[in-house]
Protein chains: 2
Amino acid sequence: MTVNRRSYHRASEAERREDLIAATLDCIAEFGIQGATVRQIATRAGVTGGLIRHYFAGKDQMLQAAYRKVMTGMTETAIAAAIEGETAKARLRRFIVANVTPPVTDPRTLSLWAAFISHIQIDPSFAAVHRENYLAFLEALETLLTAFFREENRAVSPQECRRYAVALNALVDGLWLEGTLAADMFADRELAENALHSVEALLRLEPGGLSAEER
Amino acid sequence: MTVNRRSYHRASEAERREDLIAATLDCIAEFGIQGATVRQIATRAGVTGGLIRHYFAGKDQMLQAAYRKVMTGMTETAIAAAIEGETAKARLRRFIVANVTPPVTDPRTLSLWAAFISHIQIDPSFAAVHRENYLAFLEALETLLTAFFREENRAVSPQECRRYAVALNALVDGLWLEGTLAADMFADRELAENALHSVEALLRLEPGGLSAEER
DNA sequence: GCTGGAATTATTCAAGCGTATAATAAAACC
DNA sequence: GGTTTTATTATACGCTTGAATAATTCCAGC
């Protein structure tokens, strides 16, 4: 006897993988990593559970792909904001501000980020993803800083430049955390302004040396 | 017929709760929040699963108690380090350094912290725990800063002081993250020194104004 | 030394987990 | 337009989950 079987749409490999990853992130954000079960994810993506094993070797590999997606999304948003600046100073400023402003400061993104961070110690393959993105972020900052110092005719050794990048990275990450976890405590542009003033101070610029708009 | 039944030790309520919470944290750190199952936790604590329901209304409540434990542990370590300083400057310095030095920078603690952070959006009662501790940390910083500025005979408005506290909190959190997640990238005292130099810059002190040991 | 009540264990239960496999619908091919 | 390929569904399996319950052991107060 034949079974009543759903008809279905046959999607391209690329978009189906996208859908599955998106559904995975939805589930993690909504129910936590414990709630991101194969069945929930499949339901959210509008498919049945078995399909996941057709696109990924297992649930873990899908989680890892999802992690990559979140991290590259965050970094790329900030980098994309930076390249629109005309001067090195403007690029640096835009980069800083982008990192403490929506859509980067977003509770959902933070949840996802934290969920994955907490799994780094458990699954070493997650550590590799983190390392990749940390280094990319650091390098982006170092590049922006080097260009900025050159523009200002200020001689800064590579070692010092790296120190600055590490500190700026910390400051930006920390403000991102604060701004996302306690958004109600800060006025609209308060965090962005604090970020700019703090970066000015960190780089030992005169007040306004970064935050002031050039004409 | 009677069953072969383990004999058991009857602990005081306080220490049994402590044991259960400690076992919970062990399991989360080792297997992630998904691996922190009632059975695993019970095994780790040397009891059977049913006992958990005798001390907590359910697994979730135990998780929340565990979260409280982690956070107060972190803040208290830093605050305890601070009070040993003789001058306000020394207290501030010790506070900063303690936050980017073991035992605060510890992969296990970071895992736990991240696991709980990722559940804030899901369970609002976790948000309350976070808020409590964030405010406590911010206030500790503000107190240290106020005393320091007074000691230096420097007039700083409360608003400005809060701005500084927010920035310092961000920097410290960020360096804590970097130092714990990429510990291999930093030499022994590198992060602590970077932290002190960065705080100096943030507060617009002259170089050495905080990091240099007074005689 | 009993004994009543609380702490703890052992066991059970339904639900849900990730994965494996076979059947089937949709597309691709010639 | 029939045939092959493959993406997708349906179903099953063995395990684990959090919780509930009943049986047992311990301890305090008498």
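1. DNA strand C has 29 residues around it, and A:Ser7, A:Thr37, A:Val38, A:Gly58 and B:Gly50 come nearest. A residue is near a molecule or strand if its C-beta atom, placed from the backbone, lies within 6 Å of it. This is a predicted model: local features need pLDDT of at least 70, side-chain atom pairs count only at pLDDT 80 or more, and totals for chains, interfaces and linings use all residues. Residues are numbered from 1 along each chain as its sequence is written, while chains are lettered from A and ligands numbered from 1 in the order in which they are written.

2. Helix 2 (residues 38-45) of chain A gives the most to the surface near DNA strand C, namely three residues. Helices (H or I, at least four residues) and strands (E, at least two) are DSSP runs, numbered from the N terminus. By class, the surface near DNA strand C has eight nonpolar, twelve polar and nine charged residues. Here Ala, Val, Leu, Ile, Met, Phe, Trp, Tyr, Cys and Pro count as nonpolar, Asp, Glu, Lys and Arg as charged, and the others, Gly among them, as polar.

3. DNA strand D is surrounded by 28 residues, the closest being A:Gly50, B:Ser7, B:Thr37, B:Val38 and B:Gly58. Helix 2 (residues 38-45) of chain B provides the largest share of the surface near DNA strand D, three residues. That surface divides into eight nonpolar, eleven polar and nine charged residues.

4. Chain B can be laid on chain A with an RMSD of 0.2 Å by a turn of 180° and a shift of 0.0 Å along the axis; copies are superposed by least squares on the C-alpha atoms of residues with pLDDT of at least 70 in both. That is the relation of a two-fold axis. The same surface serves both copies, as 97% of the contact residues of chain B recur in chain A. Two residues are in contact if their C-beta atoms, placed from the backbone, lie within 7 Å.

5. The contact takes 35 residues from chain B and 34 residues from chain A. On the side of chain B that touches chain A, at least two residues each come from helix 1 (13-35), helix 6 (107-117), helix 7 (124-151), helix 8 (158-181) and helix 9 (190-202) of chain B. Helix 8 of chain B supplies the largest share of that side, twelve residues. By class, the side of chain B that touches chain A has 19 nonpolar, eleven polar and five charged residues.

6. Chain A has nine helices and zero strands. Its C-alpha atoms fill a box of roughly 80 × 35 × 35 Å, taken along the principal axes. Of the 215 residues of chain A, 40% count as buried, that is, with 20 or more other C-beta atoms within 10 Å of their own C-beta, placed from the backbone (exposed: 12 or fewer; partly exposed: in between).

7. The largest nonpolar core has 128 residues, of which A:Leu171, A:Ala195, A:Leu202, B:Leu171, B:Ala195 and B:Leu202 touch the most other members. Such a core is a set of buried Ala, Val, Leu, Ile, Met, Phe, Trp, Tyr and Cys residues joined through C-beta atoms within 7 Å. Leaving aside neighbours within four places in sequence, A:Leu202 is in contact with A:Tyr164, A:Ala167, A:Leu168, A:Leu171, B:Ser198, B:Ala201 and B:Leu202.

8. A:Phe116 lies in helix 6 (residues 107-117) of chain A. A:Phe116 counts as buried because it has 24 C-beta neighbours inside 10 Å.
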